[in-house]
Amino acid sequence: MKKKEPLNQVREFETLPRCLDYMEKEYKEKPALTFYREDGTEITRNYREFTRDVRTCMRALKKAGLDGKHVALISENRYEWVVIFWAVTCLGGVLAAIDVEQPEEEIAEMVSYADARAVFLSDAFLPVMKEWLSGRRRVIILGESGEEESFQDFLELSEDYADGNLRPLPEPEDRALLVYTSGTTSTAKPVVLSHRNLLSNAAGAMAMVCVGERIFTPLPLYHTYSLTCGMLGCLSQGLHFSANGYLKTMMRDIRRFEADTLLSVPMITDSLLRAIWNLQEREGTRQETEQLLEKERKRRKWRLRHRTVRDGHVPEILGPRLRRIISGGAHMNEKTAEELELYGISVLQGYGITECSPLISVNRNHSSRRKSVGTLIPGMEIKFTGGEILVKGPSVFQGYYKNESLTREVLVHGWFHTGDIGYMDKQGYLYICGRKKSLIVFSNGKKVVPEELEQQLVRLPYIREVIVYGARSGQTEDDVTLSAMIYPDREKTAGMSSFEVLEKIQDEISELNRTLPFYKRIQSLKLTETEFVKTGIQKIRRKEGSL
C-alpha cells in the first residue's frame, strides 16, 4: 500500500490581528507583496513595511470612527486593497469585498445591503460609481482623487493617534469578511466569513500543497480563492505574493514576477497555453511538440518528474521558475494539463465554494489524480445525500448576511449542502460530476449531468465554449431534448462561413454521439456569435447563456 503523503508543517492563527503581530515580528525584511500598476511601475513591500502601513490605516480608521464597522471596498487588485482588508478586519470590522464586474446599480445595492459606513473606491471606478454613492456615505478614493477625499488624505488622520487604542482584539468567531458569491445558476448571495473560517482555510490550503516562495494569481481578490488560498495563505506563512490588477497586463506581470506557483482557473490557463502555441508556431516548433505530446500520451506515463520538451517557449510566457498551477473554478481540460506537464509544470485541481472559505479539497504535489479534485483539507468532513456533496468543518461559513431562511436551507446541523453532485473513491479522492440545479431529468427517469457532456464537447477542435441544456419539446418540464449552445473557436474557424462551422461541429458531435448511450446524445445544437457571460473567476453563468 502506498504511503500517504504527509501534510506540510504550517503556522496556524485564530485571528487576523494575531497573524499580523507574528508577521511583523518574525518576517520583517522578507518580501511580502508585489503589485504592478497599469503603466508598469512596480510596488514591492516587505513585511516590516506592509505591517507598518496596515497599522497606519488602522489608526486612521479608529480616528474616523470606523473601527468595528462595515466598510466596503470597490477596487481592482492593488496594494491598497490588501492594506485595507487587514486594517478593517484587525480592528474588528467587516470588509465587504465587492465584485467590480457587476453593473454599477448592482454594486451600489451590494454596498447598501452590506450596511457599509464607508467605501474605499478605486479611481478607475469613480466616474461610474460617483452618482450611486455620492452623499450616502463616506467615500475614500484610491489613486487620483480630484475633489474627493483621497486615501493619502485619509491616512493623515493617523498622525496624532496612538497604537495603544487599537484594542480589544476580535475573537476567532467574529465576522471578518462579507463577500458575494458569483453563482453560475442564481443571483449573488452575501456570505459572512469569520476570522477562524478564513485562517483555518488558508492554513489548510498551505498544508496540502508546497507552493514555493513566490505565488502569483491573475484572479480578483474579492473572490475567496485568490484571497484565502492566495493572499492570506502566503502572508501567514511568510511567502511572497503578487496579484494582477489589469487583464491586459496579465502576461507582462506573470513574466515579470517569476512565480513558483500560479493560482488560476481553466479559462486563463488555456489562454496562457495558446500564447505558448503562438510562439511555437512562429518558431516552427509546434508540429514537433504535438508529435512528442502524442507519443507520451500513447505511452500512458504521465507521472513525469522532469521536462520532456526542452522549454517549449514556456519561460517567455510563464517565467523561468514556474513549476505548478493550482486550478479551481471549473474542470480543467485534460489535454491542457497533459501538455503543461510535458513542459514540467504540474496542474493540481482543487474544489471550493465561497461558503467554505472556499477550499474543500485539492490534489497534492506527489499524490494527484487528474480527473479528481483531490483529497479533503485538514478539518473538513464530507458525506453524500442523494449524490449531493455535504461538508462540515472550521472553514464552513456562519450564514448569509441578513437572510436566516436561506441559511437554514443550506446549513443543517453544521452540514453545508453544496448543491454539487459527486462521489469519493476508496482512496479518498473526490470527483465532481456537476451542479444539482443543472441536472437534466427526462420523462423516462433518466438523468444527465450537463457538465460531464460539456467536458467532452469542449475538447472537440472547433468548440471554444459550450452549455448543454434540456430544450423543452413537449407539454411537461421533463419532456425535453438534449441540446447544446456552442461558441466556436474563432481562431480555428477563421475564414469559414457559419454554415461550414455548423457542419464541421455537427460532424464532430455525431462522432461523439456514437460513443454515448442514446439518452446522453446531443439531439440539437445552436451557435452563438458571442462568448457566454461569466463570473469573476471565469465560470459561465448558465442562465445568462442565450439558450
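Contact here means heavy atoms within 4.5 Å, and helices (H or I, at least four residues) and strands (E, at least two) are DSSP runs numbered from the N terminus. The model is a predicted one, in which local features need pLDDT of at least 70 and side-chain atom pairs count only at pLDDT 80 or more, while totals for chains, interfaces and linings use all residues. Residues are numbered from 1 along each chain as its sequence is written, and side-chain values use heavy atoms, with hydrogens and water left out.

We can begin with the pairing of H1 and H2. On the H1 side, Leu20, Asp21, Met23 and Glu24 meet Tyr47, Phe50, Thr51, Val54, Arg55 and Met58 of H2. Sorted by class, this contact has six nonpolar, one polar and three charged residues (Ala, Val, Leu, Ile, Met, Phe, Trp, Tyr, Cys and Pro count as nonpolar, Asp, Glu, Lys and Arg as charged, and the others, Gly among them, as polar). The axes of H1 (residues 16-26) and H2 (residues 47-63) come within 8 Å and cross at roughly 140°; axes are lines fitted to C-alpha atoms, for helices over the stretch in contact, and angles run from 0 to 180 degrees between N-to-C directions. The two helices are therefore oblique to each other, given that angles under 35 degrees count as roughly parallel, over 145 as roughly antiparallel, 65 to 115 as roughly perpendicular and the rest as oblique.

Aromatic rings come next. The structure holds 14 aromatic pairs, where rings of Phe, Tyr and Trp (its six-membered ring) pair if their centres lie within 6.5 Å, and planes under 30 degrees apart count as stacked, over 60 as edge-to-face and the rest as tilted. Tyr22 and Tyr27 form an edge-to-face pair, with ring centres 5.6 Å apart and planes at 75°. Tyr22 is partly exposed at 28% relative accessibility, whereas Tyr27 is buried at 6% (buried means under 20% relative accessible area, exposed over 50%, partly exposed in between, with a 1.4 Å probe and protein chains only). Tyr27 also pairs edge-to-face with Tyr47, the centres lying 4.9 Å apart and the planes at 65°. This pair links distant parts of the chain, 20 residues apart, with Tyr27 in the loop between H1 and strand E1 (31-36) and Tyr47 in H2. Tyr47, like Tyr27, is buried.
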